[in-house]
Amino acid sequence: MGKKRILSGMRPTGRLHLGNYFGALQNWVRLQDEYECFFMVADWHALTSEWQDTSEIAELTRQIVIDWLAVGLDPQRSALFVQSQVKQHAELALLLGMFTPLPWLERCPTYKEQIKEISNRDLSNYGFLGYPVLQAADITVYDAEAVPIGEDQVPHLEMTREMVRRINHIYGEVLVEPRAILSPTPKLLGYDGRKMSKSYDNCIYLSDSADEVTDKVMQMVTDPQRVRREDPGNPDICSVFDYQKILSKDRLDWIDKGCRSASIGCVDDKKLLAERLNALLEPFRAKRRALEANPQEVDRVIEEGNARARAAAETTMRRVRKALNLPEN
Ligand code: SF4
């Protein structure tokens with residue numbers, strides 16, 4: 001029996017940062033061993049918020065693929081592709097839209113949240129409201145059996161499952177109902193102590209140089225009560241310590257005790273963190289440099305990924321068109 005399929009994607013709205021790596025990519029690299037993976041740069045999804053200025057989407061799409069390859073996504077095993085290059089996503093989204101009652105979309109918690117949170121973009125468009133329908137098409141067009149997501153995406157996936165149940169109830173087993181592979185999302189703040197976000201300009205990017213990483217780590221916000229070197233600190237409220245829980249598991253005891261007793265300073269801790277981060281990122285940088293020197297290789301990976309994705313999506317669409325009594329292409 002072949003491997004089961006998964007689908008996941010990222011919107012090309014900025015360069016990839018440590019939050020993307022520890023929250024998703026690291027897990028994707030592992031999932032390649034177990035699943036047939038389709039990884040999508042969701043450029044159409046980027047348009048839901050970036051529709052007034054699309055000038056950076058194509059370049060960011062390419063940069064994301066370079067980051068993916070640099071961290072270890074393997075194009076031999078996984079299809080790395082661009083959503084807009086597989087038109088079947090749009091066709092299935094249109095059809096799924098017919099099966100989606102409007103209140104499902106209006107009640108979606110992330111829709112309401114983002115309308116409130118993202119005040120610097122006009123999101124009052126049909127595309128943004130219909131985001132979960134396109135997302136359902138992205139997943140089901142590959143017969144994906146599972147989707148690696150964070151807790152916040154669960155309501156969207158639940159809506160996908162409801163759409164699938166609805167269409168299957170009327171037309172038989174047309175689409176595969178996907179389940180969630182919940183990946184723990186580590187709490188990593190930006191180096192200014194706020195949520196890591198490109199709009200706050202506080203991210204440590206996978207493509208940052210060693211000096212940039214060290215510089216950002218040295219600026220990281222720590223326990224605000226620890227003002228002087230001799231003040232004891234509390235690692236439980238320090239964002240540097242949150243990073244160390246991932247990067248310096250072998251030194252946590254030293255940091256915890258040293259911080260509470262003031263036998264180490266924040267600079268000692270940050271130096272260790274910068275070292276560990278740079279040790280992690282250096283192989284990614286080397287791979288990135290090699291890919292930047294060989295742009296044809298990146299083009300080839302994207303073209304092959306698009307072709308594989310198209311073939312898989314078309315197989316599903318033939319089945320869907322037939323079930324819905326629509327003419328074949
Ligand atoms: S020593 Fe480390 S854990 Fe303690 S406050 Fe400073 S940076 Fe944070």
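Predicted model: local features only at pLDDT ≥ 70, side-chain atom pairs only at ≥ 80, totals over all residues.

**Exercise 1. Find the largest cavity and say which residues line it.**

Step 1. Start with the general idea: rolling a probe the size of a water molecule over the atoms shows where empty space is left.

Step 2. Count the cavities. There is one cavity of 30 Å³ or more, and the largest cavity holds about 100 Å³ of space.

Step 3. Helices α11 (239-247), α12 (252-261) and α13 (266-292) are the elements that give two or more residues, and α13 gives the most, with three.

Step 4. Sort the lining by class: eight residues are nonpolar, two are polar and four are charged.

**Exercise 2. Work out where the ligand sits and which residues surround it.**

Step 1. The ligand takes up the space of the largest cavity.

Step 2. List its neighbours. Around the ligand you will find T222, D223, R226, P235, C238, V240, C259, C266 and D269.

Step 3. Sort this shell by class. It has five nonpolar residues, one polar residue and three charged residues.

**Exercise 3. Describe the second largest pocket: its volume, its lining and the classes of its residues.**

Step 1. Take the volume, which is about 460 Å³.

Step 2. Go to the lining. The second largest pocket is lined by 20 residues, and Y126, G127, G130, V133 and L134 lie nearest its centre.

Step 3. Trace the lining back to the elements. Those that give two or more residues are α2 (43-50), α4 (88-98), α5 (102-107), α7 (126-129) and α8 (131-140). Helix α4 gives the most, with five residues.

Step 4. Check the classes. The lining of this pocket has 13 nonpolar and seven polar residues, and no charged residues.

**Exercise 4. Classify the ring pair of F81 and Y142, and then that of F128 and Y131.**

Step 1. Recall what you need: a pair of aromatic rings is described by the distance of the centres and the angle of the planes.

Step 2. Get an overview. A search of the whole structure finds 10 aromatic pairs.

Step 3. Take F81 and Y142. Their ring centres are 5.4 Å apart and their planes stand at 55 degrees, so the pair is tilted.

Step 4. See what this pair connects. F81 is in strand β3 (residues 79-82) and Y142 is in the loop between α8 and β4 (146-149), so the pair links distant parts of the chain, 61 residues apart. Both F81 and Y142 are buried.

Step 5. Now take F128 and Y131. With centres 6.4 Å apart and planes at 70 degrees, which is over 60, the pair is edge-to-face.

**Exercise 5. Decide whether K249, Q85 and R260 are buried, partly exposed or exposed.**

Step 1. Begin with K249, in the loop between α11 and α12. Its relative accessible area is 62%, and because exposed means over 50%, K249 is exposed.

Step 2. Go on to Q85, in the loop between β3 and α4. At 35% relative accessibility, Q85 counts as partly exposed. The C-alpha atoms of Q85 and G305 are separated by 9.9 Å, although these residues are 220 residues apart along the chain.

Step 3. Finish with R260, which belongs to helix α12. With a relative accessible area of 37%, R260 is partly exposed. The C-alpha atoms of R260 and E314 are 60 Å apart, and the two are 54 residues apart along the chain.

**Exercise 6. Locate D201 and N325, and give the phi of each.**

Step 1. D201 lies in the loop between β5 (179-182) and α10 (210-218). It is not a glycine, yet its phi is positive, at about 55 degrees. At 55% relative accessibility, D201 counts as exposed.

Step 2. N325 is found in the segment after α14 (295-323). N325 has a positive phi of about 60 degrees and is not a glycine either. Its relative accessible area is 66%, so N325 is exposed.

Conventions
Residues numbered from 1 in each chain as written. Heavy atoms only, no water. 1 Å grid on protein atoms, 1.4 Å probe; cavity = no way out; pocket = protein on both sides within 12 Å on 5 of 7 lines; lining within 4 Å. Points joined across faces, edges and corners; volume = space filled by probe spheres on them. Helix = DSSP H or I, 4+ residues; strand = E, 2+ residues; numbered from the N terminus. Nonpolar A, V, L, I, M, F, W, Y, C, P; charged D, E, K, R; others polar. Near = heavy atom within 4 Å. Sits in = over half its atoms within 2 Å of the grid points. Phe/Tyr/Trp six-rings, centres within 6.5 Å; stacked < 30°, edge-to-face > 60°. Buried < 20%, exposed > 50% of the residue type's maximum accessible area, 1.4 Å probe, protein only.
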